[in-house]
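Visitor: I would like to learn how to read a model like this one, feature by feature. Could you take me through it, giving the general idea before each case?

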Amino acid sequence: MLNRTFALAAFAALALALGGCSSMQKTDGTEAPVTDATGAGAGGAGARGGRWSGGALDDPSSPLANRVLYFEYDSAELRPDSRDTVRAHGGYLAGNRGTNVTVEGHADERGSREYNLALGERRAQAVKRYLEAEGVSGGQVSIISYGEERPADPGHDESAWAQNRRAVLVY
Amino acid sequence: MKRIILLLVLWGWHLMAAAGLTIEITEGAQGALPIAVVPFGGSSPEDIAGIVANDLKRSGRFRPLPVADMLVKPHQGAEVDFRDWRALKQESLAVGQVSGGPGNYQLRVELFDVFRGQGLGAWQFTAASQRDLRATAHHIADLIYEALTGERGAFGTRIAYITGLRSADGKERVAVQVADADGGHPQTIFSSTEPVLSISWSPDGRRLAYVSFENRKPAIFVQDVYSGAREKVADFPGINGAPAWSPDGRELAVTLSKDGNPDIFVLDVATRNVRAVTRHPAIDTEPSWSPDGRSIVFTSDRGGQPQIYKVSAAGGEPQRVTFEGKYNAKASYSRDGKYLAMVTRDGGDFRIGVLDTASKAFRTVSDGPLDESPSFAPNGSMIIYAARSQGRGVLYAVSADGRTRQRLTLDAGDVREPVWSPFPNR
């Protein structure tokens, strides 16, 4: 036991000496390129780190400025108030074949985490299918679910949950 | 060379002490057995008797006598006069002594039935370090628990869990941590600013599987708890989630959405081959093996809402398991296979439910409102789960009979997704 403790201490000292090496940063996961596209809240916050192609996407008065779509509890059905937004993005993407978008799906914190991860994916897929129906090529749209892991509102009440059941379009 | 450096770094990293969990008992036990665990003689950097007494108390089965109420403090059987302990209405008595010092501690413990005036057991141990002394104290609690209840104790086991600390910029730093079952000796196994979730212990207690978004998408990793060695085992397009070790330790049941929607697959950890277990356009996720390895329970919303289903590990037609309520998810078995713990929606609240698989009796063992991630202790005596308390993520451990409950909190930040380790080999 003593030997093992000593060996561990030696390793620890060595690790400390090597603390700045790239291997550690890589494994730690903290030094990954920061492309925070979680869309912290409504209203086009998904812009950070995204690729902007200028023009309509930059216009704050354009329907394209709206990047967040909200959902009902345990539902992946696009709400009527979201459809105009998705149509606008669909029209833009269909006319700009070189532009890609990532749809992030999110869930509120209630219930189990992996079910919510699946639910977030289902929401992102629903948006992708709608975009494709508007003439967008499937290759232009990637999806990812963050489940309940990236809340837009960190609160724990219905108003926070309503903000968190969302899909975010990230250009 | 790079690989060697990485390994060394991980070794050191494994030693990183983490902020500890604080335990408080929020619901006390009635009808628990009175036991006196006398402070050990000799000098020790750990309060051995205190650790033993706390373990026994947390089980809900024992009511340790406060040290201040002890009239005498014997350290060996020859010094014990049972009349002293009968006067205090104690049923059991444990005395012991620590000798030696750092590098070579020796411990001697004796357990007595006070009423009969008989010895029930005497044990000797050696320990090198302070860490060993803690482990030995938990082991002593296990032996006393087993001698008095006939069931194997789980105090020498560990828990793994996720911690989250939000910084000023709103980003959360998450970590996978492992601690003794009483929250002691916490260590960070992995940390990231990307999401990490869904920990599963290998049946030998050596490895953890979990989901990490460190590469900007969910992938499943397996990490050796002792060496820190780590490998990515599943990184298909879409969701790679909910890993669950098979009882033989060779396979992981996982959720993959590579074919378009989440289904249950079984991954051979050595060969990385995957085979489908379910094929359904609904969400199928959160697999958990039956203890005999023959079947897998999982969450599916194929009936319109999430419910628990059971399928042969070889595949086939799933059978619905839960019928009570509109939301049942993330089920896991007790080690004897008699019970399934799960998340259940009760009105607007999410609570922990326990299903008796034979009688189909269903009861809730928590009060909500946002409870999740139940995990049985390997001896079935307790269930640990995650909850929200005053806006913070905390853990609760409730005795299986619901009589005792304790809260485990971090000094700062959230703690969630607790998973109880298997028994250590003996």
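Guide: Let us begin with contacts in chain A, where two residues are in contact if their C-beta atoms, placed from the backbone, lie within 7 Å. Among the contacts in chain A between residues at least 6 apart in sequence, 68% join residues at least 24 apart. This is a predicted model, in which local features need pLDDT of at least 70 and side-chain atom pairs count only at pLDDT 80 or more, while totals for chains, interfaces and linings use all residues. Residues are numbered from 1 along each chain as its sequence is written, and chains are lettered from A, and ligands numbered from 1, in the order in which they are written.

Visitor: How many helices and strands are there in chain A, and what pattern does the chain follow?

Guide: Helices (H or I, at least four residues) and strands (E, at least two) are DSSP runs, numbered from the N terminus. Chain A has 5 helices and 4 strands, which follow the pattern α-α-β-α-β-α-β-α-β along the sequence. Of its 171 residues, 40% count as buried, a residue being buried if 20 or more other C-beta atoms lie within 10 Å of its own, exposed if 12 or fewer, and partly exposed in between, with C-beta atoms placed from the backbone.

Visitor: What is the mean pLDDT of chain B, and where does pLDDT stay under 50?

Guide: pLDDT is the predictor's confidence in each residue, from 0 to 100. The mean for chain B is 92, and 95% of its residues reach 70 or more, whereas pLDDT stays under 50 over residues 1–15 of chain B. Where pLDDT is low, the predicted coordinates should not be read in detail. The model scores ipTM 0.89 and pTM 0.85.

Visitor: Which strands of chain B form the open sheet, and in what order?

Guide: Two strands pair if DSSP finds at least two bridges between them. In chain B, 5 strands form an open sheet in the order β1-β29-β28-β27-β26, with antiparallel pairing. Strands β1 (21–27) and β26 (372–376) of chain B stand at the edges with a single partner strand each, so one side of each is left without a neighbour in the sheet. β26(B) pairs with β27(B) (residues 382–389) over 3 bridges, and Ser375(B) stands opposite Ile384(B) in β27(B).

Visitor: Which residue in the turn between β14(B) and β15(B) has a positive phi?

Guide: These strands form a hairpin with 5 residues between them, and Gly249(B) in the turn has a positive phi of about 75°. Strand β14(B) (residues 240–245) has 6 of its 6 residues buried, so it is largely enclosed by the rest of the structure. It is joined to β15(B) (residues 251–256) by 4 bridges, the two running antiparallel, and Ala244(B) has Ala253(B) as its bridge partner.

Visitor: At what angle do α2(B) and α4(B) pack?

Guide: Axes are lines fitted to C-alpha atoms, for helices over the stretch in contact, and angles run from 0 to 180 degrees between N-to-C directions. Helix α2(B) (residues 48–58) and helix α4(B) (residues 130–149) pack at an angle of about 45°, with their axes 9 Å apart. The two are therefore oblique to each other, given that angles under 35 degrees count as roughly parallel, over 145 as roughly antiparallel, 65 to 115 as roughly perpendicular and the rest as oblique. Residues making the contact include Ile51(B) and Leu56(B) of α2(B) and Ala137(B) and Ile144(B) of α4(B).
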